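Q: Please take a close look at the nonpolar core of this protein and at the helix packing around it. I would like the cut-offs stated along the way.

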Amino acid sequence: MANTVKLPSEGRDGETPLWPLSTSEPPTWAELWTTPQAVAWERLGWTRVVARYAEVVRMCENPEAMSVGFLAEARQLEDRLGLTPMAMLRLRWEVASDEVAEQRVTKAPKTTARGRLKVADNAVAGS
């Protein structure tokens with residue numbers, strides 16, 4: 001697709017940005033910044049938007065605070081931040097394939113039980 005932004009499959013590398021809000025840092029904050037999407041957020045300067053999403057997720061995970069409004073806000077922010085396949089498509093973001101890992105998988109020798117037995121038979125015959 002034209003004008004597609006390729007995001008690294010290994011995710012964002014580096015230190016987690018400082019928590020920008022006056023509340024305590026939620027557990028999801030550091031986790032969010034390791035995703036492939038975090039590379040784009042950093043380029044775009046979306047630190048505060050990601051922080052608001054982390055706050056909303058914290059509220060959604062608290063049974064006493066959760067509400068339909070928080071769930072709707074979480075869904076909207078997931079859409080804005082490219083956290084669903086459809087949102088990534090709309091933003092024209094694509095996770096780049098890990099070609100090295102793919103080559104490792106395709107070049108791995110395929111052995112069968114029969115092949116392993118043949119090797120064992122040859123080893124015994126050579127003794």
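The answer below goes from the core to one helix pair.

A: This is a predicted model, in which local features need pLDDT of at least 70 and side-chain atom pairs count only at pLDDT 80 or more, while totals for chains, interfaces and linings use all residues. Residues are numbered from 1 along each chain as its sequence is written, and side-chain values use heavy atoms, with hydrogens and water left out.

The largest nonpolar core has 21 residues, and Trp29, Trp41 and Val50 have the most contacts inside it; such a core is a set of buried Ala, Val, Leu, Ile, Met, Phe, Trp, Tyr and Cys residues joined through side-chain atoms within 4.5 Å, where buried means under 20% relative accessible area with a 1.4 Å probe, protein chains only. At least two residues of this core come from each of helix 1 (28-32), helix 2 (37-44), helix 3 (47-60) and helix 4 (68-80), and helix 3 gives the largest share, seven residues; helices are DSSP runs of H or I with at least four residues, numbered from the N terminus.

Leaving aside residues up to four places away in sequence, Trp29 touches Thr16, Pro17, Leu18, Trp19, Pro20, Thr47, Val50, Ala51 and Ala54, contact meaning heavy atoms within 4.5 Å.

Helix 3 and helix 4 pack at an angle of about 145 degrees with their axes 9 Å apart, the axes being lines fitted to C-alpha atoms over the stretch in contact and the angle running from 0 to 180 degrees between N-to-C directions. Val49, Arg52, Tyr53, Val56, Met59 and Cys60 of helix 3 make this contact with Phe70, Leu71, Glu73, Ala74, Leu77 and Glu78 of helix 4.

Notes:
Buried means under 20% relative accessible area, exposed over 50%, partly exposed in between (1.4 Å probe, protein chains only).
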